[in-house]
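I opened the notebook today to record, entry by entry, what I looked up in this structure and what came back.

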Amino acid sequence: MRSSMSRLSSDGSAFFDFGDTLMIPLSSTLAPDANESRQSIGLLTGISLIVGLSIGSGIFASPGPVFVTVGSAYAAMAVWLVAGFIVLLGSSCYAELGASIPGNGGELLYLQDAFGSLPSFLFSWSTNLLVRPAELAVIAIVFGEYAARLVVLGHKPGPLPGDDASGNGNTALATAVVARVAALLLLWSLTAANLASTRIGARIQDAFTIAKILALLVVGAVGVAHFARAVARAEDGPSRFGNFDPAKFGESSASPGGYAVALFTALWAYEGWNNLNLVTGELKNPERDLPRAIVIGPCIVIFVYLLFNFGLYALISDTVIRTSTTLATDFGRHLFGAPAAVIIPLIVLGSTLGTLNAALFTGSRTLAAAARLQYAP
């Protein structure tokens with residue numbers, strides 16, 4: 001370790017040579033991660049991990065804002081497609097990086113190898129103190145909002161009961177309180193489960209990944225089938241196309257800034273495609289499986305997202321899309337009737353729970369890698 005400190009000093013980062021002056025010793029004697037020596041993750045598991053991490057709260061929270069920002073269903077679908085293409089470009093880059101620099105830690109290792117200790121050190125602390133906690137908070141809040149919808153609102157769509165014209169009221173307050181309490185309880189529970197055993201965390205992830213993929217495929221396919229039947233009714237005129245009425249194409253935004261915001265919102269829904277690189281050290285054959293998994297996984301996510309959003313934009317009125325905070329519930333109610341008021345929120349809850357668990361699981365690898373590099377205690 002002393003030799004590596006000397007190397008860092010020669011690179012102009014002498015102030016990172018903490019020496020023996022720290023009151024809290026860094027992890028200079030920390031053994032290599034035992035999980036890296038196992039190399040137990042194969043191609044199918046790698047694909048499952050990427051898909052499970054990507055499909056989370058974003059697909060339920062983003063369709064409405066994307067539509068509102070760009071003004072039409074046509075433009076919104078284009079944004080989702082472009083975002084998917086950008087993800088594939090990023091996946092290709094990460095496949096090369098992961099195959100060239102195998103090991104747990106992802107971006108932390110790449111920055112260390114390319115630019116030295118300072119960028120890697122700053123990345124590790126910003127990720128562990130700011131980025132990852134903020135990500136966990138957003139996912140947990142989406143979980144809480146849908147849980148509150150079930151508990152407080154009695155599955156009712158539209159304006160909240162008891163609210164005045166400004167959106168204030170006892171019901172709104174109760175919903176906000178329940179949402180935050182549910183979010184905190186979920187965070188604490190999953191953290192405790194992953195602290196107790198990595199096997200528990202892995203089993204939770206596998207179960208909820210499979211469930212949410214199947215649920216989104218079924219909901220999306222049913223939505224497309226409903227739209228196809230509506231289009232077949234020629235007597236309804238252009239209205240049968242819903243938000244895909246050709247006349248509504250002219251409502252698309254002409255603002256480049258609006259498309260930039262919408263693209264950022266859609267990319268948040270795709271977030272997670274790069275997390276397999278955090279556990280590259282555990283892949284059985286990273287040179288072969290990482291490039292395949294990191295391309296196949298996002299392709300699956302892109303297909304599921306396009307299917308789901310097409311059905312949603314086709315069947316839900318633009319008024320509901322612009323005003324609803326639980327759009328997936330309204331979409332499910334349109335497809336399945338009253339039972340969807342319970343079914344769809346449960347799908348959202350399961351999806352966000354799985355993504356939150358995955359974020360906790362992979363986030364710990366960044367912290368462990370930082371400890372091995374002596375960037376953290």
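**Entry 1, the whole chain.** I began with burial and found that 48% of the 377 residues in the chain are buried. I keep in mind throughout that this is a predicted model. For secondary structure I noted 15 helices and zero strands in the chain. I then looked at contacts between residues at least 6 apart in sequence, and of these 78% join residues at least 24 apart.

I next asked which residues of H11 are buried, and the list reads Gly-258, Ala-262, Thr-265, Ala-266, Ala-269 and Tyr-270. Looking down the axis of H11, I saw that these buried residues fall within an arc of 150 degrees, so they line one face of the helix. As background I wrote down that an α-helix has 3.6 residues a turn, so residues three or four places apart point the same way. On the other side of H11, I recorded Pro-256 and Phe-264 as exposed. For the partners of the buried residues of H11, I found packing against helix H3 (43–54), helix H4 (58–61), helix H5 (63–70), helix H6 (73–100) and helix H12 (286–315).

I then stopped at Asn-275, which is placed in the loop between H11 and H12. Is Asn-275 buried or exposed? Its relative accessible area is 4%, and because buried means under 20%, Asn-275 counts as buried. Leaving out residues up to four places away in sequence, I found that Asn-275 touches Leu-53, Arg-132 and Thr-362.

In the segment after H15 I came to Gln-374, which has a positive phi of about 65 degrees although it is not a glycine. Gln-374 has a relative accessible area of 12% and is buried.

Rolling a probe the size of a water molecule over the atoms shows where empty space is left. How many cavities of 30 Å³ or more are there? The count comes to four, and the largest cavity holds about 50 Å³ of space. I listed its lining as Phe-60, Ala-215, Leu-216, Val-219, Phe-308, Ala-328, Phe-331, Ile-344 and Ile-347. At least two lining residues come from each of helix H10 (198–232), helix H14 (327–336) and helix H15 (340–372), and H10 gives the most, with three residues. Sorted by class, the lining of the largest cavity has nine nonpolar residues, with no polar and no charged ones.

Key. Residues are numbered from 1 along each chain as its sequence is written. This is a predicted model: local features need pLDDT of at least 70, side-chain atom pairs count only at pLDDT 80 or more; totals for chains, interfaces and linings use all residues. Side-chain values use heavy atoms; hydrogens and water are left out. On a 1 Å grid over the protein atoms alone, a cavity is a set of points where a 1.4 Å probe fits but cannot get out, and a pocket is an open set with protein on both sides within 12 Å along at least five of seven lines; lining residues have an atom within 4 Å of a point. Grid points are joined across faces, edges and corners, and a volume is the space filled by probe spheres set on the points. Helices (H or I, at least four residues) and strands (E, at least two) are DSSP runs, numbered from the N terminus. Ala, Val, Leu, Ile, Met, Phe, Trp, Tyr, Cys and Pro count as nonpolar, Asp, Glu, Lys and Arg as charged, and the others, Gly among them, as polar. Buried means under 20% relative accessible area, exposed over 50%, partly exposed in between (1.4 Å probe, protein chains only). The arc is that of the directions from the helix axis to the C-beta atoms. Contact means heavy atoms within 4.5 Å.
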